[in-house]
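Please read them with the structure open.

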Amino acid sequence: MKISLALLAAALLALPAQPGRAALDRAAILTLSASVLRIEAPRERGGLSLGSGVAVGDGLVVTNCHVIRGGQAIHVLRGGVRWPAEARAGDFARDLCLLAVPGLRAPVVPLGHADSLAIGQQVSALGYTGGARLQRSAGEVVELHRHDGGHVIQSSNRFSSGASGGGLFDEQGLLVGILTFRLPGGDAHYFAAPVEWVRQMLDLGAPMPPQPPLAQAQPYWQQAASAQPRFLQAAVLLRDARWSDLAGLAREWLRQSADDAEPWHLLGQALARLDLPQEARAALECSLYLAPSHVAVRSSLDRLRAHTSTAPAPSRMAPPCPPESR
């Protein structure tokens, strides 16, 4: 059966701050809010596309390309002031567009590094929920997915509509990602483009790959299911509890990327659900060997070890990974 991904454009659903959960205090959020802007793009056939953007340079705002796709004009708004904008650079496959906004008065956010994030690390999301009011969501990093030379950030920061192009920030207030899309039906299926992709766009001297017209642009997460990255295909199988299919996808993934901890983790989860605890443990040990700080893998492995053996895995040697996946 063909896998179908019904991925919705990202936005930010406001959540009340929970004690011990907010990555940033109110003062830091207030400071960053001046750099997260509302985007409006009137459509050719009527209606208005609403989204968010982040000030990343002098007169430069980054947003998702799908926010401005099909728009007759682009406007950036802050505090009741409206600035006209135009697309200066775009990487449509990654769903990131850089807007030039002459005269914009907004502080530039400091850039962090998505590659340095850790699973379980607290992050804060800021965006215009419903296109109306800037709000935040506290959460944590769930997974870092290798894709196109970077790590797409999956987090538990809940968002629903209107905050596409908003910012994901670490505990120091550094921009680490751009809110982009979510996978409906999951508890923590919220995805952000890594800030490393933004850095590449800001290097305006670097050649951009050939791009289709903006109206025809389609990002990687809106492609047909078979053309999407494996981590998105796996997310659907995981969400739908299709364990045999997930195990098959993970094994295929490992034949090309045996040094990636993620497919080992997915294989371990699938095999555990298929009541193959020894095989699941071996896969999870490979994942933990490659990503020693992955808290979710360690937790799953600890539970399996308790049921299969009390002996811990070797700490300085790679475990005996399945030969067909090497």
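1. In helix H4, the buried residues are Phe231, Leu232, Gln233, Ala234, Ala235, Val236 and Leu237. The model is a predicted one, and that applies to every point in this note. Helix H4 spans residues 230–239, and seven of its ten residues are buried, so the helix is largely enclosed by the rest of the structure. The cover over these buried residues includes strands E9, E10, E12 and E13 as well as helices H5 (243–256) and H6. After H4 comes Ala241, which has a positive phi, near 55°.

2. Strand E10, one of the elements that cover H4, is itself largely enclosed by the rest of the structure, because five of its six residues (150–155) are buried. On one side of the pairing list is E9 (residues 133–147), which is antiparallel to E10 and joined to it by six bridges. Within that pairing, Glu143 stands opposite Gln154 of E10. The hairpin of E9 and E10 has two residues between the strands, and Asp148 in this hairpin takes a positive phi near 50°.

3. Strand E10 also pairs with E13 (residues 190–194), again in antiparallel fashion, through three bridges. Here Ile153 stands opposite Ala192 of E13.

4. Helix H6 (residues 261–273), another part of the cover over H4, packs with helix H7 (residues 277–290) at an angle of about 160°, and the two axes are 8 Å apart. Angles over 145 degrees count as roughly antiparallel, which means that H6 is roughly antiparallel to H7. The crossing of H6 and H7 is left-handed. On the H6 side the contact is made by Ala261, Trp264, His265, Leu267, Gly268, Leu271 and Ala272. On the H7 side it is made by Glu279, Ala280, Ala283, Leu284, Cys286, Ser287 and Leu290.

5. Which strands make up the closed barrel? There are six, in the order E2-E3-E4-E7-E6-E5, and their pairing is antiparallel. From one strand to the next, the twist averages 40°. Glu40 has Leu50 of E3 as its bridge partner.

6. Helix H3 (residues 195–202) lies across several strands: E3, E4 (60–63), E6 (81–91) and E7 (96–100).

7. How many disulfides does a search of the whole structure find? It finds one. The bond joins Cys65 to Cys97, with an S to S distance of 2.1 Å. The two cysteines are 32 residues apart and the pair links distant parts of the chain, with Cys65 in helix H2 (residues 65–68) and Cys97 in strand E7. The link of Cys65 and Cys97 is right-handed, with 105° about the S-S bond. The cut-off for a buried residue is under 20% relative accessible area. Cys65 therefore counts as buried at 3% relative accessibility, and Cys97 counts as buried at 1%.

8. Gly173 is worth a look in the loop between strand E11 (167–169) and strand E12 (175–182). Is Gly173 buried or exposed? Its relative accessible area is 6%, so Gly173 is buried. Leaving aside residues up to four places away in sequence, Gly173 touches Leu24, Leu32 and Pro110. Between Gly173 and Ile29 the separation is 144 residues in sequence, while their C-alpha to C-alpha distance is 8.1 Å.

9. Some totals for the protein follow. The protein has eight helices and 13 strands. Of its 326 residues, 52% count as buried. Among contacts between residues at least 6 apart in sequence, 64% join residues at least 24 apart.

Note on methods:
Residues numbered from 1 in each chain as written. Predicted model: local features only at pLDDT ≥ 70, side-chain atom pairs only at ≥ 80, totals over all residues. Heavy atoms only, no water. Pairing = 2+ DSSP bridges. Helix = DSSP H or I, 4+ residues; strand = E, 2+ residues; numbered from the N terminus. Axes fitted to C-alpha atoms, helices over the stretch in contact; angles between N-to-C directions. Contact = heavy atoms within 4.5 Å. Disulfide = S-S within 2.5 Å. Buried < 20%, exposed > 50% of the residue type's maximum accessible area, 1.4 Å probe, protein only. Parallel < 35°, antiparallel > 145°, perpendicular 65-115°, else oblique. Left-handed = near helix turned anticlockwise from the far one by under 90°.
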